[in-house]
Amino acid sequence: MGSAPFADFFQPLKADDPAVVGGYRLAAVLGAGGMGKVYLSYTPGGRPIAIKVIRPEFSEDPEFRRRFQQEVRAAERVQGLYTAPVIDSDTEGPQPWLATAYVPGPSLAHAVARHGALPVRSVLLLTVGVAEALHVIHGAGIVHRDLKPANVLLASDGPRVIDFGIARAADSTALTSTGVSVGTPAFMAPEQASAGTVTPATDVFALGQIAAFTAIGASVFGDGPSHAVLYRIVHEDPDLSALPEELRPVVTRCLSRDPADRPTLTEVIELCNAASEAPLRQGEDWLPQAVAGSLTERRQLPAPAPTPPPQPPTAAAAPTPTPTEVSPQAPAAAPGYTPTGVAAAPTQTAPAPGASGAPGAMPPGYPTPPPYAQASYPQPQYNQPQYNQPQHTQPSYAPGHSAPQPFHTQGFVPVPPAQRPKRTGLIVVGAVAAAVIGLAVIGSLLPDGSGKGGGDKPSGGSSASQKAPDPQPVSYQGIDVPQNHQVMFADNPPRPAEEPTGAGVLYGHADLFFYRDTLFGDEKFGTTNGKLVLLNNSEKGSLETCRAVTRFTEKVGLDQLTDGSQVCVLSKAGHIALATFRGRSGGKNETAFITLDLTVWRNAEAAAKN
């Protein structure tokens with residue numbers, strides 16, 4: 001198994017991929033999405049697992065972390081036959097992650113793209129399996145919110161639903177008051193696409209779309225730009241002309257525009273059984289042979305990269321540092337792990353000089369390398385649902401031993417007489433001290449010195465050292481914003497949505513909005529959640545420029561914008577964005593759209609207090 005070559009669905013780790021996550025040594029990359037990257041790993045007993053590591057921009061959002069922790073705890077209660085159970089997680093570390101059982105099968109999206117539509121019997125078995133999965137998920141108080149072919153995996157004994165409830169944590173980056181929907185546009189329900197409302201019936205609508213997609217090989221609401229698909233979902237009927245007759249009763253009811261008219265999950269299963277000529281029983285033959293053959297390939301799993309055996313420490317490899325040195329063996333990555341991936345044993349403290357009578361002993365607090373016999377491989381803990389408290393914690397230093405600290409006054413080692421500095425050194429030190437004092441006196445007499453209120457300001461060195469680094473920009477190209485829709489910068493990616501309270505985008509809480517008065521033809525581009533500045537042609541759009549400009553307003557007329565016009569937007573949440581206008585489409589009697597390129601620096605400033 002370890003020698004099997006990488007297939008296209010097992011990508012080798014790259015230089016920027018971690019080698020170990022939460023004690024699990026990674027073996028390959030399984031995929032990447034909007035929320036993070038998924039890796040293949042193994043439990044200590046050799047069972048394959050999938051580990052999703054959340055993207056850094058989500059990790060920096062406190063509300064996301066809080067919501068992610070809630071959703072993970074709820075997901076741990078889901079133990080259905082058609083779900084991939086959560087077996088471990090860390091929601092509080094520098095980069096949160098979630099581990100689930102690995103399913104050796106392609107996603108429904110991949111299978112249909114590669115092999116085309118599936119036969120009716122396979123569609124019915126898939127539908128009842130996903131319905132059972134949703135029944136368990138909803139029973140745990142979770143609405144999936146992002147049920148789509150990519151989140152349904154095809155195992156040899158039936159489908160598996162993954163990523164249930166996790167989309168809600170991503171939705172929290174826009175906060176619940178914004179109304180920005182999270183989900184895949186082609187598989188959203190009308191109420192989710194228009195107002196961001198989600199209920200268990202929302203997942204039933206997505207189930208109907210999945211069943212039709214599996215049978216037809218395409219979305220029943222067509223393809224194209226996301227705003228066009230969302231418009232058809234909200235205002236038009238699905239195209240079921242190519243749907244097999246046996247599937248029409250269940251699909252038609254699931255795709256009812258009114259959530260109250262959709263069937264329950266129990267009714268979905270009953271409709272599927274009524275549509276089948278023979279009783280529906282999951283088995284090894286539920287998939288066509290071509291699709292089933294791809295399952296064998298995915299069982300040839302790559303092994304983690306081999307770990308070199310730990311070497312016993314030698315005198316040459318571990319020189320005794322001087323009192324002013326910081327230990328070169330202080331961990332640079334996750335605490336508790338050496339560069340080889342072997343967990344170091346708890347640090348030990350050498351006796352102070354004179355305490356044991358041993359000359360040249362290391363100062364107190366200096367961690368000595370563990371002997372070879374004490375090295376052990378990391379043993380991940382598991383968060384089983386039946387326990388109230390999660391068992392897994394991040395690797396940490398042993399009690400009483402924090403990360404190695406510089407040796408200032410602690411553990412001073414006296415210098416032997418032969419190595420004592422000469423008195424000339426004292427003269428030099430005195431001269432330097434006198435020069436520093438003189439400069440300080442001169443500085444106090446300057447106009448901007450402490451003599452004129454400078455004592456209220458932090459020193460330049462302190463301010464520079466405490467200044468947080470600028471956030472990394474995230475760019476999005478070609479966002480189509482329909483008339484009377486808004487965009488929130490915290491959503492990733494930003495998705496246009498209507499104002500959820502019904503107040504309209506002019507009076508809502510929009511980071512950016514496009515407003516069109518259909519009666520008078522007035523069209524505005526603006527914000528109700530901050531301030532914006534239309535840059536001059538001579539001003540180059542950047543984070544520095546957006547922080548420096550002061551010509552604040554809340555909206556500009558669309559007639560003031562031309563292709564390439566740039567607008568800086570500073571939201572009350574502390575996000576800064578540079579919006580580049582790329583044009584308008586739609587006639588007088590049509591729905592109008594504007595197209596934007598958006599660059600967002602999230603949490604670039606402190607959030608406004610009110």
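**A walk through a predicted model**

pLDDT is the predictor's confidence in each residue, from 0 to 100. Contact means heavy atoms within 4.5 Å. Residues 174-182 also stay under 50 in pLDDT, and for them the model has 33 such contacts. Where pLDDT is low, the predicted coordinates should not be read in detail. Across the protein chain the average pLDDT is 75, and 66% of the residues score at least 70.

Some ground rules. This is a predicted model, so local features need pLDDT of at least 70, side-chain atom pairs count only at pLDDT 80 or more, and totals for chains, interfaces and linings use all residues. Residues are numbered from 1 along each chain as its sequence is written, and side-chain values use heavy atoms, with hydrogens and water left out.

Now helix H2, residues 62-75. Helices here are DSSP runs of H or I, at least four residues; strands are runs of E, at least two; both are numbered from the N terminus.

At the N-terminal end, Asp61 caps H2: a side-chain oxygen sits 2.9 Å from the backbone nitrogen of Glu63. Several H2 residues are buried, among them Phe64, Phe68 and Val72. Buried means under 20% relative accessible area, exposed over 50%, and partly exposed in between, with a 1.4 Å probe and protein chains only.

Thr91 touches Arg65, Phe68, Gln69, Val72 and Arg73, as well as Pro96, leaving out residues up to four places away in sequence. Thr91 sits in the loop between strand S6 (86-90) and strand S7 (97-101). Its relative accessible area is 4%, so Thr91 is buried.

Next, the cores. A nonpolar core is a set of buried Ala, Val, Leu, Ile, Met, Phe, Trp, Tyr and Cys residues joined through side-chain atoms within 4.5 Å. The largest has 65 residues, and those touching the most other members include Leu108, Leu126 and Leu147. Which helix gives the most to this core? Helix H4 (residues 120-139) does, with 10 residues. Beyond four places in sequence, Leu147 is in contact with residues including Val130, Leu134 and Phe187. A second, separate core has 23 residues, including Leu512 and Phe525.

Last, the cysteines. A disulfide is a pair of cysteine sulfur atoms within 2.5 Å. The whole structure has 1. Cys546 and Cys568 form it, with sulfur atoms 2.1 Å apart. Cys546 is in helix H14 (residues 543-548) and Cys568 in strand S18 (residues 566-571), so the pair ties together parts 22 residues apart in sequence. The S-S torsion is about -70°, so this disulfide is left-handed.

Conventions
The expected span of a helix is 1.5 Å times one less than its number of residues. A polar contact is a pair of N or O atoms within 3.5 Å; within protein, one must be able to donate a hydrogen and the other to accept it, and residues adjacent in sequence count only if both atoms are side-chain atoms.
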